[in-house]
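Okay, thanks for coming, everyone.

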Amino acid sequence: MRGLWGRVWQRRTPFVVLMAVVGIAGAVLVTGDSGGGHLAANRAQLRKACDGTLPYRDLERLVRDERPGELAQHGTVLAPGQQSRSLLDCSLSWGDGHGVTVHAEALVSDVPQPVRTRDLLEPAGGHGTFVAPGTTGQYGKWGAWLVADCLGGLGGRVRPTTDLYVTARVTDGTDGADGADGADGADGADGTDGADRTDGSTAASGKPGRATALLGFRTAVHVANALTKAQHCGSGPLMTPTAVLDTDETHGAPGRGLRKCEWIDGSSLPGVASGTWTTLGDLQESTGLSACAGEWDAEKNAGERPRPKEWQITEVDAASWSGVLGRSAYNSYEREGHVPGWGAQQDKRPSEADAGSDTRQEDRVSAYSGRPQLALWARSVCGGRTTYHRVAVFPEIRLEDGETAVISGKDRARLSTAARTVLDRYLDAEDGWPASADCRDTTVLGEVEQWH
């Protein structure tokens, strides 16, 4: 009997071991799934959410298993008969700060983002943000934003438009914001302050990490391409960005010394202080806008060049905006009275003869007028779209608080001549944006004295 039982146990031992292994594996599986079980459904939801416009491969890693995804969406893309200013408003959250929020609208008014010259060159008040080269947009308070063309016209609005505006904000649990709540912007990354974070997390100041910003841009581009394809816009898809650049100068100043800004040269640009100049350009590499600036470099010129005399030009900038961006920029300056024919300038618009003469009357410049500058506006057709150009020259003025400087008619005329020279050099520069955009049929609109 003992031998029989021995043989029976030997025959059953592999079976018992196998059952034990299966039992352990089953226990592991059950333990890993406890409190969850929503991953497959949440991934399926991601594929279909927001009318299927989201980039599944980019966002898949954010999907959680612990609870069902929460989806809120509306817009004329989802319900064509719906009365909405949005083509798409969509927010999808998986809890613990993991989620995505996108917004898309057909622009019938201005771009809801600042696009003045300094906004392009020194975004977020000079603290820097992220841009994706080849994409017209920046990373702002509501995440990544961009503007795209729809030449065939966007449907769903009474007033026809060919301009699409998209924002996308992705959260990965590192900034304490839940994706479904991101639509109200309470925890939006506003691109101000904060060190660059390479791990994708959001700094305490609100500025996102590089990986988070890139994911926002990729999502915005994917949504824009899906919508323009569905709307039969007739234009090719936007390039999906593979990297973003930090515009903060403390991170290497990537905007300095760009080829498109090389026309700003103290040795070859008449009317400006001679010596070494430092240039700065925007990094968007956009077909719809561009900006350059240059300043006399006091540090590099120390001991080599004398300090510029009063009223000599020590800084210049130039910018261009096409289509809806041009309208938006012009309207933004207009609200401040800084376009030709407004405010203090409406009775003082110069003629071509005045610009080269010294018949002007002397004027006064107050220390409280900000950074005094003379701007010159022009309009062209660039790439088939109406485009506004604005250049500005900044004279050397030394004023203490409460003081007032007097600019003679002769010095004022020199500013006009210099502004026109800067405009001509900018438009004609071989490597400049206007040349690459094939700008033509330029009309000079007039000057603006920004010191009143």
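So, which residues does V391 touch, not counting residues up to four places away in sequence? It touches D317, A318, L374, A375, L376, A419, V422, L423 and Y426, where contact means heavy atoms within 4.5 Å.

Quick housekeeping. This is a predicted model, so local features need pLDDT of at least 70 and side-chain atom pairs count only at pLDDT 80 or more, while totals for chains, interfaces and linings use all residues. Residues are numbered from 1 along each chain as its sequence is written, and side-chain values use heavy atoms, with hydrogens and water left out.

Back to V391. In the largest nonpolar core, which has 33 residues, V391 is one of those that touch the most other members, along with W263, I313, V316, V393, V422 and Y426. By core I mean buried Ala, Val, Leu, Ile, Met, Phe, Trp, Tyr and Cys residues joined through side-chain atoms within 4.5 Å; buried is under 20% relative accessible area, exposed over 50%, partly exposed in between, with a 1.4 Å probe and protein chains only. Elements giving two or more residues to this core include β10 (289–296), β11 (313–322) and α9 (409–428). Helices (H or I, at least four residues) and strands (E, at least two) are DSSP runs, numbered from the N terminus. The most comes from α9, with 7 residues. Apart from this one lies another core, of 32 residues, among them Y56, L59, L146 and A220.

Now β10. Because 7 of its 8 residues are buried, β10 is largely enclosed by the rest of the structure. It runs antiparallel to β9 (residues 277–281), with 5 bridges, and antiparallel to β11 too, over 7 bridges. For pairing, DSSP has to find at least two bridges between the strands. If you want landmarks, T279 is partnered with G294, and L289 with W321.

Over to the open sheet: 6 strands, antiparallel, in the order β1-β2-β3-β7-β6-β5. β1 (70–74) and β5 (137–140) are the edges, each pairing on one side only. The twist averages 10 degrees from one strand to the next; angles run from 0 to 180 degrees between N-to-C directions, and axes are lines fitted to C-alpha atoms, for helices over the stretch in contact.

Helix α2 (residues 39–52) lies across β1, β2 and β3 (98–106), at about 165 degrees to β2.

Last stop, S93, in strand β2 (residues 88–95). S93 counts as buried because its relative accessibility is 0%. Its side chain reaches the backbone nitrogen of G95 at 3.2 Å. That's my tour, thanks.

Technical notes. A polar contact is a pair of N or O atoms within 3.5 Å; within protein, one must be able to donate a hydrogen and the other to accept it, and residues adjacent in sequence count only if both atoms are side-chain atoms.
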